[in-house]
Amino acid sequence: MVLWDLVFVNPITNALIILNNIVLGNFGVAIIIFTILMRLLTMPLTLRQIRSSRALSALQPKIQELQKKYKDPKRRQEETMKFYREAGVNPLGCLLPMLVQFPIWIALYNALRIIVGGTPESVIGLSQRLYPWGYIEQAVPLENNFLWMDLGQPDTSLILAFIVFASTYVQQRLATPPTTDPRTQSTNQMMMWMMPLMFAFFTLQVPSGLGVYWAMSNIVGVVMYYFAHGPERINWRTVLLPPSTAPAGKQASRRGEPPPKEKELAEQPAEEPVEAVLPTGSKRKKRLRHGRSRGKRKDRR
Amino acid sequence: MLATLFLATACVGIAQPEGWAGPTLADDRLVASIGRGELAAIEIEDSSGNVLWHFPPKDQKHPDGSKIDPEAIYSTPVVADGTVYFGAYEGWVYALDLETGDIRWQVETGGPIIGSAIVQDGMVYVGSDDGKLYAFDAETGDLQWLFKSGDSIWATPLVADGVVYAASMDKKAYALNAASGEEKWHFKAKAGLASTPVLADGTLLVGGLDSRIRALDAASGEEKWQFKADDWFWTQPLVLEDSVYAGCLDGKVYALDVNDGSPKWEQPFDTEAPVRAAPVLLDDVLLVVNRKGKLYGLDPQNGQLVWPLPIDLAKTVLSDPLAQGAMAYISAQGGDLFTVDKDGRAAPVVLTESGG
């Protein structure tokens with residue numbers, strides 16, 4: 001635990017207080033800037049997550065086809081995994097970057113709780129974590145008021161809870177890859193509501209400083225998806241509409257992306273589309289966006 | 001995903017104020033915190049205590065009819081003329097009848113009260129988290145004057161020779177006219193000041209969050225000397241003859257020359273955990289308590305251990321002990337009371353209810 005504090009919690013705590021000093025003692029603004037900086041720092045991981053998610057999305061029609069083709073669950077599983085392998089896509093690829101980011105998130109939660117704890121006991125606890133620099137020491141105690149909130153207390157006005165709910169919902173809608181598996185579809189649909197509701201509920205229980213962090217982190221996440229997917233691929237009207245159970249193509253459409261070219265993919269032989277659909281490496285993104293190059297490559301072959 | 005979310009949220013939660021009110025003794029009664037936001041008058045007999053009354057009273061409310069909920073009590077009660085004065089974290093200042101616990105008067109301030117009240121010459125002085133120092137009439141609770149500092153006042157004020165000395169988180173120590181609240185001088189430190197100031201022969205000693213303890217000229221506010229440690233000074237220093245003893249959140253206890261701030265011991269005594277509780281003297285033994293509830297008996301001359309081993313109360317202790325000759329009462333967080341004597345014998349005080 002000491003190592004955890006030393007490596008993660010304490011540096012984040014001190015960085016937040018330095019930011020607080022830079023923004024003239026407005027800790028709410030410090031949290032927002034810190035969140036943006038952290039999201040930028042972990043952007044390579046987030047982008048990898050987005051790409052993985054999009055790659056999985058593009059493979060769905062073929063997966064569906066494999067599921068229809070092989071009735072034996074073991075064989076189906078083997079063929080599916082083989083297909084993923086050949087496509088150069090890790091089905092857990094979108095989870096790994098998220099898992100890597102969790103220590104930072106949890107450390108940030110801890111740091112915020114320590115800093116905006118607000119009680120005299122928590123201020124004593126804070127003293128044990130601050131670097132002995134005058135620039136940091138002079139910031140204590142921090143100004144906890146930001147807009148209508150006391151950052152050390154839960155926001156009972158429901159405004160922050162609503163912002164967290166809405167931003168989590170939009171980010172979920174953009175981030176959840178479509179699937180052809182009915183069970184996964186059902187889980188996704190449940191999560192689409194459960195996650196925002198849970199975060200909104202937590203916002204009502206924890207210091208509002210954390211709620212500000214969640215809301216800001218979601219908003220930055222949405223902006224990243226917007227630019228990573230490309231503005232032309234997101235239909236905000238469909239993103240904001242409630243989801244429903246539907247086949248993969250329609251699912252993709254509802255989350256704001258054009259449906260994958262099912263027919264085009266289905267026409268390709270089982271060994272071939274892997275390379276054709278998802279070339280590995282840096283060209284993957286380009287090829288997915290521009291279907292024509294795939295055709296040209298086929299012709300060349 | 002959900003499991004991870006739960007894991008993440010398990011790390012958060014609202015920090016609840018616990019309080020660190022120390023005990024006080026008046027007319028053979030101990031008035032002490034016996035739980036979060038709860039105060040009691042206790043008749044002490046040997047190592048047992050008979051609870052005479054509780055605060056908050058079940059049958060009394062705020063003037064507006066709302067329920068009394070102190071949340072936590074950091075303010076060590078002060079007794080004067082049969083009345084108990086203290087402030088609560090919910091922001092109210094109370095005056096209770098020492099005999100019955102009935103509320104004589106109650107006044108609301110604009111923020112939580114962390115420091116203790118001081119009663120002098122018919123006035124009650126108390127600082128609040130709203131940044132104001134209040135002066136109330138001790139008899140009626142009527143506001144006499146208030147002084148606004150630039151930030152929270154968490155320290156207990158000091159009153160001497162018609163002057164109120166107040167340390168504020170706005171980094172300043174103030175000297176005010178006790179009768180009018182008019183400012184005489186202020187001194188600006190490098191960080192917030194949270195420790196209760198003490199006076200020693202015209203020298204005001206105050207510790208701060210800039211890890212320094214400072215000696216100021218009480219008449220002018222000019223700095224005489226300063227001593228820097230490795231963490232904040234939040235304890236009320238103890239002055240004995242020409243020495244000042246101060247616990248520090250770096251876990252050490254320092255003994256300094258009151259005239260120039262030079263160390264009196266070869267090296268500070270290390271308790272290995274933050275020290276918030278003020279050091280007190282039990283006859284000729286300096287009692288030091290750290291946050292983990294470890295008690296050390298030291299020789300004030302050289303800082304050497306008098307007791308071979310520390311006493312471990314196994315409780316968090318942030319409140320100032322109450323010294324009574326060769327023994328002291330210690331209030332731990334959670335409401336446990338202990339006694340300790342100069343020979344290093346400690347015992348819990350077992351409380352019984354008298355139904356009062």
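Guide: Gladly. This is a predicted model. Start in chain B, with the hairpin of S2(B) and S3(B), which has two residues between the strands. Gly37(B) in this hairpin takes a positive phi near 70 degrees.

Visitor: How many bridges join S2(B) to S3(B)?

Guide: Six bridges join strand S2 (residues 29–35) to strand S3 (residues 38–45), and the two run antiparallel. One pair to look at is Gly35(B), which stands opposite Glu38(B) in S3(B).

Visitor: What does S3(B) form with S4(B)?

Guide: A hairpin, with two residues between the strands. In the turn, Asp46(B) has a positive phi of about 50 degrees. S3(B) and strand S4 (residues 48–55) run antiparallel and are joined by seven bridges. Glu43(B) has Asn50(B) in S4(B) as its bridge partner.

Visitor: And how should I picture side chains along a strand?

Guide: In a regular strand the side chains alternate between the two faces of the sheet. Now take a whole sheet of chain B.

Visitor: In what order do the strands of the open sheet with S5 stand?

Guide: The order is S5-S6-S7-S8 in chain B, with antiparallel pairing. Strand S5 (78–80) and strand S8 (103–108) are the edges. Each has a single partner strand, so one side of each is left without a neighbour in the sheet. Neighbouring strands are turned by 20 degrees against each other on average, direction ignored.

Visitor: How many bridges does S5(B) make with S6(B)?

Guide: Three, in the antiparallel sense, with S6 covering residues 83–87. Val78(B) stands opposite Tyr85(B) in S6(B).

Visitor: Is Thr24(B) buried or exposed?

Guide: The test is a count of neighbours: 20 or more other C-beta atoms within 10 Å makes a residue buried. Thr24(B) has 21, so Thr24(B) is buried. Thr24(B) lies in strand S1 (residues 24–26) of chain B. Beyond its neighbours within four places in sequence, its contacts are Val31(B), Thr76(B), Pro77(B), Val78(B), Val79(B) and Leu322(B). For scale, Thr24(B) and Trp185(B) are 161 residues apart in sequence and 32 Å apart in space, C-alpha to C-alpha.

Visitor: What does the secondary structure of chain A come to?

Guide: 16 helices and two strands. The expected span is 1.5 Å times one less than the number of residues. Helix H4 (residues 73–87) of chain A has 15 residues, so it should span 21 Å, and its end C-alpha atoms are 21 Å apart. Gly88(A) follows H4(A) with a positive phi near 75 degrees. Helix H10 (residues 208–229) of chain A reaches 31 Å, close to the 32 Å expected for its 22 residues. Just after H10(A), Gly230(A) has a positive phi of about 95 degrees.

Visitor: Where should I look for a nonpolar core?

Guide: In soluble globular proteins, nonpolar side chains tend to be buried together. Here the largest nonpolar core has 158 residues. Among those that touch the most other members are Ala111(A), Ile115(A), Ala117(B) and Leu287(B). H10(A) gives the most to this core, with nine residues. A second, separate core of eight residues includes Leu56(A), Ile63(A), Tyr84(A) and Val89(A).

Visitor: How many residues of chain A are in contact with chain B?

Guide: 27 residues of chain A are in contact with 30 residues of chain B. Helices H5 (96–115), H6 (120–127), H7 (134–137) and H9 (182–203) of chain A each supply at least two residues to that side of chain A. H5(A) gives the most, with six. By class, this side of chain A has 15 nonpolar, nine polar and three charged residues.

Key
Residues numbered from 1 in each chain as written. Chains lettered and ligands numbered in written order. Predicted model: local features only at pLDDT ≥ 70, side-chain atom pairs only at ≥ 80, totals over all residues. Contact = placed C-beta atoms within 7 Å. Helix = DSSP H or I, 4+ residues; strand = E, 2+ residues; numbered from the N terminus. Nonpolar A, V, L, I, M, F, W, Y, C, P; charged D, E, K, R; others polar. Buried ≥ 20, exposed ≤ 12 C-beta atoms within 10 Å, placed from the backbone. Core = buried A, V, L, I, M, F, W, Y, C linked by C-beta atoms within 7 Å. Pairing = 2+ DSSP bridges. Axes fitted to C-alpha atoms, helices over the stretch in contact; angles between N-to-C directions.
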